[in-house]
Amino acid sequence: MNDINLDSIEATRQRVAAQVAEAQARKENIDHLADQIENATETARSPRGEVAVVAAPSGRVLSVTLGESAASIAPADLSKLITSTIAQAQRAAAMVAVRLSSDALGEASPLVEQLEREAEAAFPGPATDQITFR
């Protein structure tokens, strides 16, 4: 082999090594993002603090806490208040996952756009009366 071929092989090896290093860095970034999302929670409180709900980005409700003032609310009204506070916590937690993804991957990432669409569909904002459960 002549020096030209060896130089070409060495340049190719260096390019492949750089691509492998970049892929490993992206994998570590995605692993870190997955850990952040898995450990994320969001708390929502009713306007006067009668209900507090902690939810995960998946929509899983981790806790529902009723304050003492909840005892003075009619059962039907309390039920609506609990339901709406759960919906707020679920939506807020899902949006945390979107924000974390956007920070890690960039706003234009197809994954971020997909997560945002799914969060909007699963956890609609207060303008709608639709609440879906996953």
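1. Contact is taken here as heavy atoms within 4.5 Å, and axes are lines fitted to C-alpha atoms, for helices over the stretch in contact, with angles running from 0 to 180 degrees between N-to-C directions. The model is predicted, so that local features need pLDDT of at least 70 and side-chain atom pairs count only at pLDDT 80 or more, while totals for chains, interfaces and linings use all residues. Residues are numbered from 1 along each chain as its sequence is written, and side-chain values use heavy atoms, with hydrogens and water left out.

2. Helices (H or I, at least four residues) and strands (E, at least two) are DSSP runs numbered from the N terminus, and two strands pair if DSSP finds at least two bridges between them. An open sheet is formed by 3 strands in the order 1-2-3, with antiparallel pairing. Strand 1 (42–45) and strand 3 (61–66) stand at the edges, each with a single partner strand, so one side of each has no neighbour in the sheet. From one strand to the next, the twist averages 15°.

3. Strand 1 and strand 2 (residues 51–55) run antiparallel and are joined by 4 bridges; Ala44 stands opposite Val53 in strand 2.

4. Helix 2 lies across strand 1, strand 2 and strand 3, and runs at about 35° to strand 2.

5. Ser101 is placed in helix 2 (residues 75–105), and counts as buried because its relative accessibility is 0% (buried means under 20% relative accessible area, exposed over 50%, partly exposed in between, with a 1.4 Å probe and protein chains only). A polar atom of the Ser101 side chain lies 2.8 Å from the backbone oxygen of Ala97. Not counting residues up to four places away in sequence, Ser101 touches Leu33, Ile37, Gly106, Val112 and Leu115.

Technical notes
A polar contact is a pair of N or O atoms within 3.5 Å; within protein, one must be able to donate a hydrogen and the other to accept it, and residues adjacent in sequence count only if both atoms are side-chain atoms.
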